[in-house]
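User: Hi! Could you walk me through this model?
Analyst: Happy to, here it comes.
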Amino acid sequence: MAGHSKWANIKHRKASQDAKKGKIFTKIARELTVAAKMGGSDPEMNPRLRVALEKARAANMPKENVERAIKKGTGEGNEANYEDVIYEGYGPGGVAIMVQALTDNKNRTVAEVRSTLTKKGGSLGEAGCVAWLFEKKGIIGVKKEVIDEDTLMDIVIEAGAEDLKIEGDNYEVITEPSEYYNVKKALEEKGIAIEYAELTMRPKNTVKVEGEDAKKLLALIEALEDLDDVQEVYANFDIEDKVMEEMGA
């Protein structure tokens with residue numbers, strides 16, 4: 001996915017900045033609560049909770065916040081009534097967009113998502129209109145300077161990876177969701193520094209977006225990500241790195 005590594009790095013940097021405002025903690029706490037409610041408090045038996053805990057660690061979320069959110073989900077705190085919702089639509093340049101949210105009020109959330117899309121040059125679509133353009137994958141980024149391609153390929157394929165691609169200054173290791181942790185663990189055990197890692201909805205193909213449309217699209221994605229109920233935003237864009245850097249500065 002062209003541009004994915006650059007966008008992932010920008011998102012992670014912005015998440016670190018948001019952590020100072022506490023906003024990211026609220027989103028992660030909600031995900032921890034729902035994950036624990038659905039699958040229990042043991043991350044070894046609950047993949048969704050394991051992913052949420054990784055996000056919490058990456059954002060330096062205080063341990064007590066993490067524990068409190070998990071207890072909420074297991075009924076030891078105030079009972080949570082959040083539910084997963086997915087919204088699909090289109091952005092500037094005809095880009096497909098998927099919005100993953102956790103909400104206790106679907107009417108409020110859909111109104112906010114629709115309003116944001118409309119104001120920023122996009123539109124809300126019907127359920128299923130773009131979902132077929134994405135597939136769930138594990139993505140692990142490793143800097144080229146850390147290791148040579150052949151050595152990395154041998155390690156990750158043996159661990160269960162599906163593919164290895166070059167994206168700018170990074171290698172991107174692609175896995176099935178079920179193999180994501182096996183591959184990530186194999187890299188960690190070899191002492192290979194990981195630039196970023198996530199379970200994501202990866203587009204099967206991308207749409208090249210340039211000029212004003214590119215700027216409008218990134219502004220739209222940022223506005224969607226800033227909504228309280230929104231956890232993740234996925235889009236099938238291909239935008240030049242320099243444009244993403246300008247928008248992410």
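User: Let's start with strand 9 (residues 230–235): how many of its residues are buried?
Analyst: Six of the six are buried, so strand 9 is largely enclosed by the rest of the structure. Buried means under 20% relative accessible area, exposed over 50% and partly exposed in between, with a 1.4 Å probe and protein chains only. Helices (H or I, at least four residues) and strands (E, at least two) are DSSP runs, numbered from the N terminus.
User: Before we go on, what should I know about the model and the numbering?
Analyst: Residues are numbered from 1 along each chain as its sequence is written, and side-chain values use heavy atoms, leaving out hydrogens and water. This is a predicted model, in which local features need pLDDT of at least 70 and side-chain atom pairs count only at pLDDT 80 or more, while totals for chains, interfaces and linings use all residues.
User: Thanks! Which strand is joined to strand 9 by five bridges?
Analyst: That is strand 2 (residues 95–103), and the two run antiparallel. Two strands pair if DSSP finds at least two bridges between them.
User: And in what order do the strands of that sheet come?
Analyst: The order is 3-1-2-9, an open sheet of four strands with antiparallel pairing. Strand 3 (123–124) and strand 9 are at the edges with a single partner strand each, so one side of each has no neighbour in the sheet. Strands 1 and 2 pair over nine bridges, also antiparallel, and V85 has A101 in strand 2 as its bridge partner.
User: Which residues touch the most other members of the largest nonpolar core?
Analyst: Those are I97, V113, L217, L224, F237 and I239, in a core of 24 residues. Helix 8 gives the most to this core, with six residues. A nonpolar core here is a set of buried Ala, Val, Leu, Ile, Met, Phe, Trp, Tyr and Cys residues joined through side-chain atoms within 4.5 Å. Apart from that core lies another one of 18 residues, including V51, Y180, Y181 and L187.
User: Switching topic: how many aromatic pairs are there?
Analyst: The structure holds one. Y180 and Y181 have ring centres 4.9 Å apart and planes at 75°, so the pair is edge-to-face. Rings of Phe, Tyr and Trp (its six-membered ring) pair if their centres lie within 6.5 Å; planes under 30 degrees apart count as stacked, over 60 as edge-to-face and the rest as tilted.
User: Is Y180 buried or exposed?
Analyst: Y180 is buried, at 1% relative accessible area, and Y181 counts as buried too, at 16%.
User: What lies over the face of Y181?
Analyst: R50 does, 4.4 Å from the ring centre. For such a call, NZ of Lys or CZ of Arg must be within 6 Å of the ring centre and within 35 degrees of the ring normal.
User: Now helix 3 (residues 47–58), which of its residues are buried?
Analyst: They are L49, V51, A52, L53, E54 and A56. Their cover includes helix 2 (23–39), helix 4 (63–73), helix 7 (180–189) and strand 7 (196–203), where contact means heavy atoms within 4.5 Å.
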